[in-house]
Amino acid sequence: MEPVLAHVVDRCREAVSGPDPQTRVIEIVREAMADPAMPAAIAPRSEYETLEDLALHRSPELTIFAAAFAPGLGVGPHNHNMWSVVGVCSGQEENRFFERDGGGLRDVGVETVEGPGVLSNAADVIHAIRNPLDVPLLALHVYGGDLFGVPRSSWDPDTHEEAVFDWSRSVEN
């Protein structure tokens, strides 16, 4: 692991053991996205079969992954069931937010994060993400729990029908 990424992992691990970990992680990620060494550390992380392959750290308290997402790549509507902090050091991540509406979802808005930038999400957020640009999105995602081990939901992007989250079907091109 690149030293700049290892440093972020160490600091985030310390943050989750103290009070108000999400606020502390926001500051850590904000500083990391401003680090001129971060784009070079994340850019090579573009090849993976699932996002789990990109994990820098995974524990019951914390999951961190860094990735270079290809132009147009997206993940349909899903939840995390834990707080999250997204850092973008280069490129742009579009987040489309939803609320439950009967048996489906209702679109409630879009927020775009441009590098260097940070977006923090509450544990109950439902969103879809995508890279809308024709350049790679270099991002660091931090979650307040084991993202790969908790039960989660995803929604069909067209019908908004809810299903059990399936990593093998999560990424869209």
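How many cavities of 30 Å³ or more does a search of the whole structure find? The search finds two, a cavity being a set of points on a 1 Å grid over the protein atoms alone where a 1.4 Å probe fits but cannot get out. The model is predicted, with local features needing pLDDT of at least 70 and side-chain atom pairs counting only at pLDDT 80 or more, while totals for chains, interfaces and linings use all residues. Residues are numbered from 1 along each chain as its sequence is written, and side-chain values use heavy atoms, leaving out hydrogens and water.

The second largest cavity holds about 30 Å³ of space, a volume being the space filled by probe spheres set on the grid points. Its lining residues (an atom within 4 Å of a point) include Phe69, Leu73, Glu93 and Arg130.

Turning to the sheet, five strands (DSSP runs of E, at least two residues) form an open, antiparallel arrangement in the order E1-E2-E9-E4-E7. Strands E1 (55-58) and E7 (117-121) stand at the edges with a single partner strand each, so one side of each is left without a neighbour in the sheet. E1 pairs with E2 (residues 63-69) in the antiparallel sense over three bridges, where pairing requires at least two DSSP bridges. Within this pair, Arg58 stands opposite Thr63 in E2.

Helix H1 (residues 3-15; helices are DSSP runs of H or I, at least four residues) packs on the sheet and touches E1, E2 and E9 (137-143), contact meaning heavy atoms within 4.5 Å. Helix H2 (residues 21-34) also packs on the sheet, touching E4 (84-90), E7 and E9.

Key. 1 Å grid on protein atoms, 1.4 Å probe; cavity = no way out; pocket = protein on both sides within 12 Å on 5 of 7 lines; lining within 4 Å. Axes fitted to C-alpha atoms, helices over the stretch in contact; angles between N-to-C directions.
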